[in-house]
Amino acid sequence: MFGMTDFIAAKRDGREHSREELAAFIGGYVRGEIPDYQASAWLMAVYLRGMTDRETTDLTLIMADSGERYDLSAIEHLKADKHSTGGVGDKTTFIALPCAAACGVYSAKLSGRGLGHTGGTIDKLEAIPGYNTEPDFERFADTVRRAGMCVASATASLAPADKLLYALRDVTATVGSLPLIASSIMSKKLAGGSDAIVLDVKTGSGALMKTLDDSLALARAMTVIGNMAGKPTAALITDMNDPLGRFAGNAPEVSEALDILRGDRGALEAAPDLREVSLALAAKMVELSGIADGNSASRMAREALDSGRAYEVFEKMITLQGGRLDEFEASLAGGISRRVIWNGAEGYVVSVDTETAGNACVALGAGRRRKGDSIDPLAGIEFLRKTGEYVKRGDVIARLICSEYGRERLPYAEELLISAYTVAEEKPSPRKMVYGCIGTDGEFREI
Ligand code: URA
């Protein structure tokens, strides 16, 4: 017979739970039979004591089975999912997925909203007038079949145990536990039903994990779970010490992704980091699906982008989901903007604290400070100076964008953004965008 007090004490004393005990806990908690105070005590014990790979995998599978699992078997193509641990300016989903789809690897992707200083794919798509982020399963699957991809909101029935536990972790200082993060993310990915999973684990000042060691540990934990659960899973470790690309914010990011997909030369020259990470992710999706090996997969992904085929995929998905791109593009002219002038010492930008930059974006209205806050889709930042670039007194380092009703937020966002920049005489060494990959064999290899 399951006793919650014994269960908490076992983890407190560093003992390993059996699969049956974990199932009894999750089942009892989801049914409302276990109170939050006991679940909180257990979460803290896990935070302090950790979990073995076997426990983490069992917990993940039990959470994945706590609700509906998407059955994508009626979509005949190979399907790969991609998940980013979150960052600032990360619009790679809008580039990598269309590239992979143009290579024959489809995506049925369930995404979330912005969290803290990081942006959310669903908020970004909702900047497109008419785009339906909550289609029923039939429509979702039909868009995947016809366009090669669909991105929609994760429904309440997907891994409900994670939703409950995540909300509790948020208020009990237990979000930052590696096995809890790994099981939270992977339970949703496994319930999503794809054949293969590519993880983009960000590392740096704007990431969930700030150091390379922590990012590698998270990537390792998640790839172990995916592969133990029978889904080929690999993780790229990519840089988040600078906003990705030149734009952060919902409509600004969709617009930048469209420019890259259309081959706009200015956007491609301004955002080589965005192109590089997106193509690396697309190539990994192609490779993991078994269509081509490393070099050929990279070449295929590049050709998909350069030929405009990836753009066609993305445009088709938006149209099938009811989105009106012409209206979206007309709406971009409606914002107001303020130039951020540099008044500090002359030199090279050696760092942009990316969490602070993300918070400046949230302050403009691109994210939520409290649950239920409304979003200003136009709000965001154009980064005119990034790490490694030279700045002189009087230069415009960024442009803040928002709707007219957000005008009073501009001074605070400006102050915050300026505080994110550090300038020094010496030019920093060039940033590496993709540190490497943890493959299905669990080995880390530099790329
Ligand atoms: N994203 C999730 O879905 N879960 C976590 O625990 C952290 C980030």
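In the predicted model described here, 24 residues of domain 2 are in contact with 26 residues of domain 3, where contact means heavy atoms within 4.5 Å. Residues are numbered from 1 along each chain as its sequence is written, and side-chain values use heavy atoms, with hydrogens and water left out. Because this is a predicted model, local features need pLDDT of at least 70 and side-chain atom pairs count only at pLDDT 80 or more, while totals for chains, interfaces and linings use all residues.

The chain is divided into domain 1 (4-50), domain 2 (78-159 + 189-327 + 433-446) and domain 3 (335-424), with bounds that come from an automatic or database domain assignment. Between domain 2 and domain 3, the C-alpha centres lie 25 Å apart. About 1800 Å² is buried between domain 2 and domain 3, and carbon and sulfur atoms give 50% of this area. Here, buried area is the accessible area (1.4 Å probe) that two parts lose on being put together, summed over both. On the domain 2 side, His-117, Asp-242 and Arg-246 lose the most area to domain 3, together 33% of what that side buries.

Charged side chains also meet at this interface. The rule finds 4 salt bridges across the interface of domain 2 and domain 3, a salt bridge being a side-chain nitrogen of Lys or Arg within 4 Å of a carboxyl oxygen of Asp or Glu. Over the whole structure, the search finds 36 salt bridges. Among them is the bridge of Glu-355 with Lys-210, whose closest N and O atoms are 2.6 Å apart.

Asp-239 and Arg-431 form another salt bridge, with 2.5 Å between the closest N and O atoms. This pair links distant parts of the chain, with Asp-239 in strand β5 (residues 233-239) and Arg-431 in the loop between β12 and β13 (434-438), 192 residues apart. Helices (H or I, at least four residues) and strands (E, at least two) are DSSP runs, numbered from the N terminus. Asp-239 counts as buried at 2% relative accessibility, whereas Arg-431 is partly exposed, with a relative accessible area of 26%.

Arg-399 lies in strand β11 (residues 396-402) and Glu-382 in strand β9 (residues 380-383), so the pair ties together parts that are 17 residues apart in sequence. Arg-399 is partly exposed at 26% relative accessibility, and Glu-382 is buried, with a relative accessible area of 15%. Shared partners join Asp-239, Asp-242, Asp-273, Lys-386 and Arg-431 into one network of salt bridges. Elsewhere, Glu-33 and Arg-31 meet through their side chains in a salt bridge (2.9 Å, N to O), and both Glu-33 and Arg-31 are exposed.

Turning to the aromatic rings, the structure holds 10 aromatic pairs. Rings of Phe, Tyr and Trp (its six-membered ring) pair if their centres lie within 6.5 Å; planes under 30 degrees apart count as stacked, over 60 as edge-to-face and the rest as tilted. One of these pairs, Trp-342 with Tyr-421, is tilted, at 6.3 Å centre to centre and 50° between the planes. Trp-342 sits in the loop between β7 (336-341) and β8 (347-352) and Tyr-421 in strand β12 (residues 421-424), so that the pair links parts of the chain 79 residues apart. Both residues, Trp-342 and Tyr-421, are buried. Ring pairs also link Phe-2, Phe-7, Phe-25, Tyr-29 and Trp-42 into a cluster.

Tyr-421 and Val-423 make up the covered face of β12, and Thr-422 and Ala-424 the uncovered one. β8 and β12 run antiparallel and are joined by 4 bridges; two strands pair if DSSP finds at least two bridges between them. Within this pairing, Tyr-348 stands opposite Ala-424 in β12.

Finally, two alanines have positive phi values. Ala-159, in the loop between β3 (149-153) and α8 (160-170), has a phi near 45° and is buried, with a relative accessible area of 0%. Ala-173, in the loop between α8 and α9 (178-191), has a phi near 55° and counts as exposed at 59% relative accessibility.

How values were computed:
Buried < 20%, exposed > 50% of the residue type's maximum accessible area, 1.4 Å probe, protein only.
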